[in-house]
Amino acid sequence: MEKREFLYDGKAKQLYATDDPNLVIMLYKDDASAYNGVKKSSIKNKGVLNNRISELIFMQLEKNGVRTHFVKRLDDSNQLCKKLDIIPLEFIVRNVVAGSLARRLDIEEGFVPANTIYEICYKNDELRDPFINETHAMAMNLVTREELDHITDLAKKINKLMIDMFDKVGITVVDFKMEFGRDSEGNILLADEISPDSARFWDSKTKNKLDKDRFRRDMGKVEEAYREVLERLSNND
Ligand code: 5GP
(Lines give C-alpha, C1' and ligand atoms only; values in the text may rest on other atoms or scores of the structure.)
Protein backbone atom coordinates (compact mmCIF):
# COMPACT_ATOMS: atom_id res chain seq x y z
CA MET A 1 0.00 0.00 0.00
CA GLU A 2 1.50 3.29 -1.09
CA LYS A 3 0.89 6.55 0.78
CA ARG A 4 0.05 9.21 -1.80
CA GLU A 5 -1.01 12.85 -1.64
CA PHE A 6 -2.04 14.67 1.48
CA LEU A 7 -5.82 15.19 1.51
CA TYR A 8 -6.90 16.88 4.72
CA ASP A 9 -5.54 18.22 8.00
CA GLY A 10 -7.94 17.76 10.92
CA LYS A 11 -7.48 18.83 14.53
CA ALA A 12 -6.24 15.41 15.67
CA LYS A 13 -5.70 13.47 12.44
CA GLN A 14 -4.51 13.82 8.86
CA LEU A 15 -5.82 12.03 5.82
CA TYR A 16 -3.76 10.77 2.88
CA ALA A 17 -4.74 9.16 -0.42
CA THR A 18 -3.36 5.75 -1.37
CA ASP A 19 -2.79 3.99 -4.70
CA ASP A 20 -6.25 2.42 -4.20
CA PRO A 21 -9.05 4.97 -4.81
CA ASN A 22 -11.27 3.19 -2.25
CA LEU A 23 -8.74 3.40 0.60
CA VAL A 24 -7.24 6.26 2.62
CA ILE A 25 -4.59 6.45 5.32
CA MET A 26 -5.51 8.17 8.58
CA LEU A 27 -2.58 9.52 10.61
CA TYR A 28 -3.18 10.09 14.32
CA LYS A 29 -1.45 13.24 15.61
CA ASP A 30 -0.40 14.24 19.13
CA ASP A 31 -2.15 17.60 18.65
CA ALA A 32 -4.93 18.21 21.13
CA SER A 33 -7.62 20.85 21.06
CA ALA A 34 -10.66 21.61 23.16
CA TYR A 35 -13.57 24.05 23.28
CA ASN A 36 -13.75 24.17 19.47
CA GLY A 37 -10.07 24.92 19.02
CA VAL A 38 -9.82 27.66 21.69
CA LYS A 39 -7.46 25.54 23.80
CA LYS A 40 -4.61 23.96 21.83
CA SER A 41 -1.62 21.90 22.85
CA SER A 42 -0.10 18.52 22.28
CA ILE A 43 -0.25 15.35 24.36
CA LYS A 44 2.83 13.15 24.23
CA ASN A 45 2.17 9.81 22.50
CA LYS A 46 -1.54 10.57 22.07
CA GLY A 47 -1.48 9.65 18.38
CA VAL A 48 0.08 6.25 19.00
CA LEU A 49 -2.26 5.51 21.92
CA ASN A 50 -5.45 6.57 20.12
CA ASN A 51 -4.44 4.65 17.00
CA ARG A 52 -4.23 1.48 19.10
CA ILE A 53 -7.29 2.15 21.27
CA SER A 54 -9.51 2.95 18.29
CA GLU A 55 -8.20 -0.15 16.48
CA LEU A 56 -9.16 -2.38 19.44
CA ILE A 57 -12.63 -0.83 19.66
CA PHE A 58 -13.35 -0.94 15.93
CA MET A 59 -12.11 -4.56 15.68
CA GLN A 60 -14.41 -5.57 18.53
CA LEU A 61 -17.34 -3.79 16.85
CA GLU A 62 -16.56 -5.47 13.50
CA LYS A 63 -16.38 -8.85 15.26
CA ASN A 64 -19.93 -8.21 16.42
CA GLY A 65 -21.34 -7.25 13.05
CA VAL A 66 -20.91 -3.46 13.00
CA ARG A 67 -19.48 -2.30 9.69
CA THR A 68 -16.70 0.29 10.11
CA HIS A 69 -14.21 2.07 7.88
CA PHE A 70 -11.28 0.39 9.68
CA VAL A 71 -9.19 -1.93 7.50
CA LYS A 72 -5.93 -2.37 9.43
CA ARG A 73 -3.34 -0.56 11.49
CA LEU A 74 -0.26 0.10 9.37
CA ASP A 75 2.17 1.25 12.07
CA ASP A 76 2.31 3.30 15.29
CA SER A 77 0.50 6.32 13.86
CA ASN A 78 -1.19 5.22 10.64
CA GLN A 79 -4.38 3.32 9.92
CA LEU A 80 -5.69 2.10 6.59
CA CYS A 81 -9.39 2.95 6.20
CA LYS A 82 -12.11 2.68 3.58
CA LYS A 83 -12.74 5.95 1.81
CA LEU A 84 -16.17 7.29 2.73
CA ASP A 85 -18.37 10.25 2.01
CA ILE A 86 -18.54 11.52 5.59
CA ILE A 87 -21.92 12.72 6.88
CA PRO A 88 -21.15 16.06 8.62
CA LEU A 89 -22.97 15.12 11.82
CA GLU A 90 -21.73 14.04 15.24
CA PHE A 91 -23.85 11.39 16.91
CA ILE A 92 -23.40 11.51 20.67
CA VAL A 93 -24.55 8.81 23.07
CA ARG A 94 -24.76 9.52 26.80
CA ASN A 95 -25.12 6.90 29.51
CA VAL A 96 -24.11 9.23 32.34
CA VAL A 97 -24.56 13.01 32.49
CA ALA A 98 -21.32 14.97 31.97
CA GLY A 99 -19.77 17.82 29.99
CA SER A 100 -22.01 20.07 27.91
CA LEU A 101 -25.20 18.27 28.98
CA ALA A 102 -24.39 18.84 32.66
CA ARG A 103 -23.82 22.55 31.91
CA ARG A 104 -26.80 23.02 29.60
CA LEU A 105 -29.40 21.47 31.89
CA ASP A 106 -27.61 22.19 35.18
CA ILE A 107 -27.49 18.53 36.19
CA GLU A 108 -24.69 17.22 38.34
CA GLU A 109 -21.99 15.27 36.49
CA GLY A 110 -22.35 11.59 37.28
CA PHE A 111 -26.15 11.57 37.34
CA VAL A 112 -27.46 8.42 35.65
CA PRO A 113 -30.43 9.38 33.45
CA ALA A 114 -33.61 7.28 33.23
CA ASN A 115 -32.72 6.35 29.65
CA THR A 116 -29.83 6.58 27.25
CA ILE A 117 -29.61 10.03 25.65
CA TYR A 118 -28.90 10.46 21.92
CA GLU A 119 -27.83 13.82 20.51
CA ILE A 120 -26.87 15.17 17.09
CA CYS A 121 -24.48 18.04 16.39
CA TYR A 122 -23.83 19.66 13.02
CA LYS A 123 -20.10 19.40 12.26
CA ASN A 124 -19.19 22.98 11.47
CA ASP A 125 -16.20 24.69 13.10
CA GLU A 126 -17.42 28.24 12.32
CA LEU A 127 -20.76 27.54 14.02
CA ARG A 128 -18.99 25.60 16.81
CA ASP A 129 -20.73 22.28 16.07
CA PRO A 130 -24.28 23.38 17.03
CA PHE A 131 -26.72 21.01 18.68
CA ILE A 132 -29.48 20.10 16.17
CA ASN A 133 -32.24 17.50 15.85
CA GLU A 134 -33.19 14.97 13.19
CA THR A 135 -35.52 17.34 11.33
CA HIS A 136 -32.73 19.94 11.02
CA ALA A 137 -30.39 17.25 9.66
CA MET A 138 -32.94 16.13 7.06
CA ALA A 139 -33.93 19.73 6.20
CA MET A 140 -30.28 20.46 5.32
CA ASN A 141 -30.24 17.31 3.12
CA LEU A 142 -27.41 15.86 5.19
CA VAL A 143 -29.16 12.50 5.74
CA THR A 144 -32.37 10.75 4.78
CA ARG A 145 -35.02 9.44 7.20
CA GLU A 146 -33.95 5.86 6.34
CA GLU A 147 -30.30 6.65 7.03
CA LEU A 148 -31.17 8.28 10.37
CA ASP A 149 -33.22 5.25 11.41
CA HIS A 150 -30.35 2.96 10.47
CA ILE A 151 -27.82 5.14 12.33
CA THR A 152 -30.06 5.16 15.43
CA ASP A 153 -30.14 1.33 15.38
CA LEU A 154 -26.37 1.26 14.92
CA ALA A 155 -25.80 3.77 17.75
CA LYS A 156 -27.84 1.58 20.13
CA LYS A 157 -25.95 -1.55 19.11
CA ILE A 158 -22.54 0.16 19.32
CA ASN A 159 -23.37 1.59 22.75
CA LYS A 160 -24.29 -1.85 24.06
CA LEU A 161 -21.07 -3.35 22.69
CA MET A 162 -19.00 -0.46 24.11
CA ILE A 163 -20.58 -0.87 27.55
CA ASP A 164 -19.91 -4.65 27.51
CA MET A 165 -16.32 -4.22 26.32
CA PHE A 166 -15.42 -1.55 28.89
CA ASP A 167 -17.37 -3.11 31.76
CA LYS A 168 -15.02 -6.11 31.52
CA VAL A 169 -12.05 -3.83 32.24
CA GLY A 170 -13.66 -1.78 35.01
CA ILE A 171 -14.44 1.31 32.95
CA THR A 172 -17.78 3.15 32.69
CA VAL A 173 -18.62 4.48 29.22
CA VAL A 174 -20.03 7.88 30.24
CA ASP A 175 -20.53 9.21 26.71
CA PHE A 176 -18.98 9.10 23.25
CA LYS A 177 -19.20 10.69 19.83
CA MET A 178 -19.56 8.82 16.54
CA GLU A 179 -19.32 9.82 12.90
CA PHE A 180 -20.68 7.85 9.98
CA GLY A 181 -20.07 7.88 6.24
CA ARG A 182 -21.31 6.27 3.03
CA ASP A 183 -19.22 3.92 0.91
CA SER A 184 -19.42 3.91 -2.89
CA GLU A 185 -22.50 1.65 -2.71
CA GLY A 186 -24.31 3.89 -0.21
CA ASN A 187 -23.76 1.59 2.79
CA ILE A 188 -23.48 3.43 6.12
CA LEU A 189 -20.24 2.65 7.97
CA LEU A 190 -18.89 3.85 11.31
CA ALA A 191 -16.03 6.27 10.59
CA ASP A 192 -13.48 8.47 12.37
CA GLU A 193 -12.31 7.13 15.74
CA ILE A 194 -13.59 6.16 19.16
CA SER A 195 -10.92 6.99 21.71
CA PRO A 196 -10.41 8.98 24.93
CA ASP A 197 -10.39 12.07 22.65
CA SER A 198 -13.99 11.46 21.62
CA ALA A 199 -15.41 9.62 24.63
CA ARG A 200 -15.59 9.94 28.40
CA PHE A 201 -14.29 6.93 30.25
CA TRP A 202 -14.40 6.77 34.06
CA ASP A 203 -12.86 4.12 36.27
CA SER A 204 -15.98 2.29 37.47
CA LYS A 205 -14.88 2.19 41.12
CA THR A 206 -12.92 5.42 41.70
CA LYS A 207 -14.69 7.52 38.98
CA ASN A 208 -11.19 8.66 37.98
CA LYS A 209 -11.33 10.30 34.53
CA LEU A 210 -9.48 8.37 31.82
CA ASP A 211 -10.14 10.70 28.90
CA LYS A 212 -9.65 14.12 27.33
CA ASP A 213 -11.40 15.91 30.20
CA ARG A 214 -8.01 15.65 31.94
CA PHE A 215 -6.64 17.91 29.17
CA ARG A 216 -9.74 20.13 28.93
CA ARG A 217 -9.73 20.74 32.69
CA ASP A 218 -5.94 20.86 33.23
CA MET A 219 -6.04 17.84 35.53
CA GLY A 220 -2.62 16.46 34.51
CA LYS A 221 -1.63 12.84 33.82
CA VAL A 222 -3.32 12.90 30.41
CA GLU A 223 -0.93 10.52 28.65
CA GLU A 224 -1.07 8.16 31.65
CA ALA A 225 -4.88 8.06 31.47
CA TYR A 226 -4.91 7.20 27.75
CA ARG A 227 -2.24 4.55 28.37
CA GLU A 228 -4.33 3.07 31.18
CA VAL A 229 -7.29 2.66 28.80
CA LEU A 230 -5.07 0.95 26.22
CA GLU A 231 -3.45 -1.35 28.77
CA ARG A 232 -6.76 -2.44 30.26
CA LEU A 233 -8.29 -3.12 26.82
CA SER A 234 -5.15 -4.97 25.60
CA ASN A 235 -4.92 -7.15 28.68
CA ASN A 236 -8.48 -8.25 28.13
CA ASP A 237 -7.78 -9.70 24.66
P1 5GP B 1 -19.91 17.20 25.25
O2 5GP B 1 -21.09 17.59 24.41
O3 5GP B 1 -20.28 16.85 26.65
O4 5GP B 1 -18.80 18.22 25.17
O5 5GP B 1 -19.31 15.89 24.58
C6 5GP B 1 -19.99 14.65 24.61
C7 5GP B 1 -19.05 13.54 24.14
O8 5GP B 1 -18.81 13.70 22.74
C9 5GP B 1 -17.67 13.60 24.80
O10 5GP B 1 -17.21 12.27 24.97
C11 5GP B 1 -16.80 14.33 23.81
O12 5GP B 1 -15.45 13.90 23.88
C13 5GP B 1 -17.45 13.96 22.48
N14 5GP B 1 -17.39 15.06 21.52
C15 5GP B 1 -18.30 16.04 21.35
N16 5GP B 1 -17.92 16.90 20.38
C17 5GP B 1 -16.73 16.45 19.93
C18 5GP B 1 -15.81 16.91 18.92
O19 5GP B 1 -16.02 17.91 18.22
N20 5GP B 1 -14.68 16.16 18.76
C21 5GP B 1 -14.41 15.06 19.52
N22 5GP B 1 -13.25 14.39 19.31
N23 5GP B 1 -15.26 14.59 20.45
C24 5GP B 1 -16.39 15.28 20.66
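Helix H1 covers residues 46-63, a run of 18 residues, and spans 25 Å from its first C-alpha to its last, close to the 26 Å expected at 1.5 Å a residue. The model described here is predicted.

**Helix H1**

- After H1 comes glycine 65, which has a positive phi, near 90°.

**Helix H6**

- Helix H6 takes in residues 222-235, which makes 14 residues.
- From first C-alpha to last, H6 reaches 20 Å, close to the 20 Å expected at 1.5 Å a residue.
- The buried residues of H6 are Val222, Glu223, Ala225, Tyr226, Val229, Leu230, Arg232 and Leu233.

**Strand S7 and its partners**

- Strand S7 (residues 78-82) pairs with strand S6 (residues 70-73) in the antiparallel sense, over three bridges.
- S6 and S7 make up a hairpin, and four residues lie between them.
- Within this pairing, arginine 73 has glutamine 79 of S7 as its bridge partner.
- S7 is also joined to strand S3 (residues 23-28) by five bridges, and S3 and S7 run antiparallel.
- Glutamine 79 in S7 stands opposite methionine 26.
- S7 is mostly covered, since four of its five residues are buried, and buried means under 20% relative accessible area.

**Lysine 82**

- Lysine 82 is a residue of strand S7.
- With a relative accessible area of 32%, lysine 82 is partly exposed.
- Apart from neighbours within four places in sequence, lysine 82 is in contact with Asn22, Leu23, Val24, Thr68, His69, Val71 and Leu189.
- Lysine 82 and arginine 103 are 21 residues apart along the chain, and their C-alpha atoms are separated by 37 Å.

**Leucine 7**

- Leucine 7 has its place in strand S1, which covers residues 3-9.
- Leucine 7 is partly exposed, at a relative accessible area of 39%.
- If neighbours within four places in sequence are left aside, the contacts of leucine 7 are Leu15, Tyr16, Ala17 and Val24.
- The C-alpha atoms of leucine 7 and isoleucine 25 are separated by 9.6 Å, while the two residues are 18 residues apart along the chain.

**The ligand**

- The ligand is surrounded by 14 residues, and the closest of these are Arg94, Ser100, Asp175, Arg200 and Arg216.
- An N or O atom in the side chain of arginine 216 is 2.9 Å from an oxygen atom of the ligand.
- Aspartate 129 has a polar side-chain atom that lies 3.3 Å from an oxygen atom of the ligand.
- For aspartate 197, a backbone N or O atom lies 3.4 Å from a nitrogen atom of the ligand.

**Arginine 94**

- Arginine 94, listed among the closest residues to the ligand, lies in strand S9 (residues 89-94).
- Arginine 94 is buried, because its relative accessible area is 3% and the cut-off for buried is under 20%.
- The side chains of arginine 94 and aspartate 175 make a polar contact at 3.5 Å.
- Neighbours within four places in sequence aside, arginine 94 is in contact with Ser100, Leu101, Thr116, Ile117, Glu119, Val174, Asp175 and Arg200.

**Cysteines and disulfides**

- A disulfide is a covalent bond between the sulfur atoms of two cysteines.
- Searching the whole structure gives zero disulfides.
- Cysteine 81 is buried, with a relative accessible area of 1%.
- Cysteine 121 has 9% relative accessibility and so counts as buried, the cut-off being under 20%.

How values were computed. Residues numbered from 1 in each chain as written. Predicted model: local features only at pLDDT ≥ 70, side-chain atom pairs only at ≥ 80, totals over all residues. Heavy atoms only, no water. Disulfide = S-S within 2.5 Å. Buried < 20%, exposed > 50% of the residue type's maximum accessible area, 1.4 Å probe, protein only. Pairing = 2+ DSSP bridges. Helix = DSSP H or I, 4+ residues; strand = E, 2+ residues; numbered from the N terminus. Contact = heavy atoms within 4.5 Å. Expected span 1.5 Å × (residues − 1). Near = heavy atom within 4 Å. Polar contact = N/O pair within 3.5 Å; in protein donor to acceptor, adjacent residues only side chain to side chain.
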